[in-house]
Amino acid sequence: MYFHAIIALLCLSSALLQGADQLFEKEIEPLLRTRCWKCHGTSVQLAKLNLQTRESTLAGGEHGAVIVPGNPEQSRLYRMLTGSEKPSMPLDGKLSAAEMDSIRTWIAAGAKWGTTQLLTDETAQRSALEDMPLPASARDWWAFRKPVRPEIPANTNPIDFLVENRRGKIPSAPRANRNTLVRRAYLDLLGLPPTPTQIAEFVNDNSPSAWTRLIDKLLSSPHYGERWGRHWLDLARYADSNGYEHDFDRPNAWRYRDYVIAAFNADKPYDRFLLEQLAGDEVPTPSPETLTATGFLRNHAKVGFREKDNPEFRYEYLDDMIATLGRGVMGLTIQCARCHNHKFDPIAQKDYYRLQASLYGYVEVDHPLVPAAEALEHKTKNEVFDEKIKPLRAQIRAIEQPYRDQLLPAKYQRFPENVQAAIRTPEADRTPGQVLLANQVIRNTGVSGAEIDRIASKADRTLKQTLLAQIATLDKQRPAPLPLAMGITDGDYRFTPDGPGDEPAPGKGIQQLGITGSFLHQGPEPYQAPASYFLIRGDVNSHGSQMQPGFPAVLLNGEIPTAIPPADGKTSGRRLALAQWLGSPENPVTARVMINRIWHHHFGTGIVRTIDNFGVMGEVPSNPQLLDWLSTEFIRQGWSIKQMHRLIMSSATYQMDSHFDNPASNTADPRNTSLWRFPIHRLDAEIVRDSILASAGTLNTTIGGPAVFPVLQPDALRAMTHGIWNQDQDGPAVWRRSVYVYRKRGLPFPMFEVFDLPDQNISCGARNVSTVPTQALTLLNNDFVLKQSTLFARYLEEALPGNRRAQIKLAYERTLARQPSPKEQQLAQDFLSSQPLEAFTHVLLNLNEFLYIN
């Protein structure tokens, strides 16, 4: 009897063990592999917890045991999975109720590991960490599907048809009057108010084609590129200085700005525009224009001028490039997948590092904008002088070094003891932490020549001055500098530049340091891109698999080339492949994102309000059919941006009145998302300044060239500690379009900043629009505004001497593109009976109507 009971018990035990094995193999092990091991496995052990084996799991992590076999409620792992203990796990989303029930059953049964052979080889472990299967529902989101062109009835305006279809029975505004339309068109396309002559030319033209001819005239103006190029420069995070602490000057950055302006004026097809900026050095026949375009990838803010002391900076710059391409071109926050799979969109961490591999081989160069033979001759001649100057600089360093060694220790004493200890430790013996500490302090703590001269002996000072004079004489004999464009190409990246000296001379930028072209591929064999890796948790020191170039899987439709090596073999062709994929009609996002930007700049709001985020956390289109029709039409029209302007501005939707106020419309659609009237929106900061200059008759319309430096208040200049602001005299030389004002990252131009200049360190698709007291105070008290008000009054007096009534009308036309109403005329005349004319012009420049497009 006892024998049979024992046999039965053993059989039951065997069945339970077999059931536990099956539970682990079928349910628990797949859960651990897909949801846990990426952070708590052999390769990565956050909180020092490894869930790869039963032994390591029972050992727990730095916070103690996580499983108590047989007791789920006492097991921290189970409590964190259910959310009863924080932080809730896993980080990429809760388990389902059935999955948590399986975990509970498994722990209650003793947390047996079963007999399955676990992942032990490195390749399999990396696959579990790095690979994210694309969910079957990934392309259900509207942005990840190709645009579908809706059917439009014959003899209808497609935009108006689709807007009216979306609007339904909501009453809509009538057409705006001609004065409003001409001002709207000029400010939209040129960023300048129309002159009285230009207003009369349109208002008095009664032909059916008057509006079409006006649009064509404005699109052919060279000022069009200044207005619409500025929008792209926001996206491209363009600036004339490096940013960060030292904020060094970028003396050739302006050539990229002029390239953008010229590209918009020429109506360069958008797909070609992208290709030149990403791979202008990889096109079959690179030209000065295409080489200049590569400045797009070099526009990022940069620490100092080199990456020698902290190679991690390079990954920050690559992240900036990916963020700019993601948000600016694809409308996706791809940079959020740097350390983990995207939390909301189906973008894998591996997608991020595939994109990084496409860009990884870049090196910074200054492209000579002359024929190759002339550039080589110039380089050869300069090398002769370099060789003559090299020993002279070595002598100066030898003279200065003892004094530098004498002065530096006292400067290091202001830092904490751990920093001083890192500096004292021989370079070869420093820990990684000491390397970062020491290099950071050494790089930013220098001894100037003036400090050395104060303690140097008279003989050393005299010898140094003699050597400097010899160098200056030789420098004067060098050939004239070549025109250079700040850009990039592929190269053999190293962390050590070959330029002499440790920092730029005052007022100089990195282009004078001899690092131009120092990393270019020189060998006869075809260029091979450097290896780049999947970085585990984004840590530059935790390499996963070597990455090959590629694109976000959710956006792909079939096999796409990921590299198109050029015939000369000097670059990888990876950036060229990336550019061609972005500009492909098969790409579901590129056309949509750009057409949405164009719509945004015309109406103040995009069809997708979250202009840089078409992902799940962004807003859905207010009119999906309109967005898809415009996107497909954009491609059909050869990616012509000017043709999109013509289509949009010729619609009745664009020409509606903005002051239409209908209670029924307001109730049905208070946000005006269906566009039942034209949306009023404020001028950009630069256009406020340009409109003031144009109204006063003082605008200098010179196009292109180096930046200008308008006058700054002394307190603003005192706030500048590094970089340059070459203060010019206030006058016509600096009264140019605001797109040419020097863009200093460390010192934004105050008037622009007040009117919501975006952060110049990152890509910006849509500017913030605020209404704050400092804007009114600036227009009331700013020296520039006051001076322009006076010059405006002088212009009126010279045009119509002593005729106050006519002066009032002319002032209204120049600022608001219309005549004053009888009431406004009388108020102005009453005001001028006791106030000077410049007070009246000042009032006009402060009107809301002056600051808004209506």
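## A buried serine to start with

At a relative accessibility of 0%, S665 counts as buried. This serine belongs to helix α25, which runs over residues 663-668.

## The whole picture

Now let's step back. What you're looking at is a predicted model, and its mean pLDDT is 89, with 92% of the residues reaching 70 or more. The protein has 854 residues, and buried ones make up 52% of them. It holds 34 helices and 6 strands. Along its principal axes, the C-alpha trace spans about 125 × 90 × 55 Å.

How do the contacts run along the sequence? Take those between residues at least 6 apart in sequence: 71% of them join residues at least 24 apart.

In soluble globular proteins, nonpolar side chains tend to be buried together. In this model, the largest nonpolar core has 166 residues, and W232, Y270 and M330 are the ones with the most contacts inside it. Which helix gives the most to this core? That's α14 (residues 312-330), with 9 residues. Another core, of 21 residues, lies apart from the largest one, and its members include L32, C36, W37 and I103.

Not counting residues up to four places away in sequence, Y270 touches W232, V329, T590, M594, F634, W639 and I641.

The structure holds 10 cavities of 30 Å³ or more. The second largest cavity has a volume of about 90 Å³. Its lining includes W232, one of the residues with the most contacts in the largest core, as well as M594, one of the residues that Y270 touches.

Which elements give two or more residues to the lining of this second largest cavity? They are α10 (223-235) and α22 (590-603). Also in the lining are F264, C764 and G765, among others. Sorted by class, the lining comes to 7 nonpolar, 3 polar and 1 charged.

M89 has something else to show: a cis peptide bond joins M89 and P90, with omega at about -10 degrees. P90 sits in the loop between α3 and α4. Another cis peptide bond joins K86 and P87, with omega at about 0 degrees. The place of P87 is in the loop between α3 and α4 (97-108).

## Two loop residues with positive phi

D247 isn't a glycine, yet it has a positive phi of about 50 degrees. D247 lies in the loop between α10 and α11 (254-265). Is D247 buried or exposed? Buried, because its relative accessible area is 2%, and the cut-off for buried is under 20%.

A817 isn't a glycine either, and its phi is positive too, at about 60 degrees. You'll find A817 in the loop between α31 and α32 (822-832). With a relative accessible area of 2%, A817 is buried.

## Inside helix α31

Let's finish with Q807, which has its place in helix α31 (residues 804-816). Is Q807 buried or exposed? It's buried, since Q807 has a relative accessible area of 0%, which falls under the 20% cut-off.

What surrounds Q807? Leaving aside its neighbours within four places in sequence, Q807 is in contact with L796, E797, L800, P801, G802 and L837. As for A793, Q807 lies 14 residues from it in sequence, and the C-alpha to C-alpha gap in space is 8.8 Å.

Conventions:
Residues numbered from 1 in each chain as written. Predicted model: local features only at pLDDT ≥ 70, side-chain atom pairs only at ≥ 80, totals over all residues. Heavy atoms only, no water. pLDDT = per-residue confidence, 0-100. Core = buried A, V, L, I, M, F, W, Y, C linked by side-chain atoms within 4.5 Å. Buried < 20%, exposed > 50% of the residue type's maximum accessible area, 1.4 Å probe, protein only. Helix = DSSP H or I, 4+ residues; strand = E, 2+ residues; numbered from the N terminus. Contact = heavy atoms within 4.5 Å. 1 Å grid on protein atoms, 1.4 Å probe; cavity = no way out; pocket = protein on both sides within 12 Å on 5 of 7 lines; lining within 4 Å. Points joined across faces, edges and corners; volume = space filled by probe spheres on them. Nonpolar A, V, L, I, M, F, W, Y, C, P; charged D, E, K, R; others polar.
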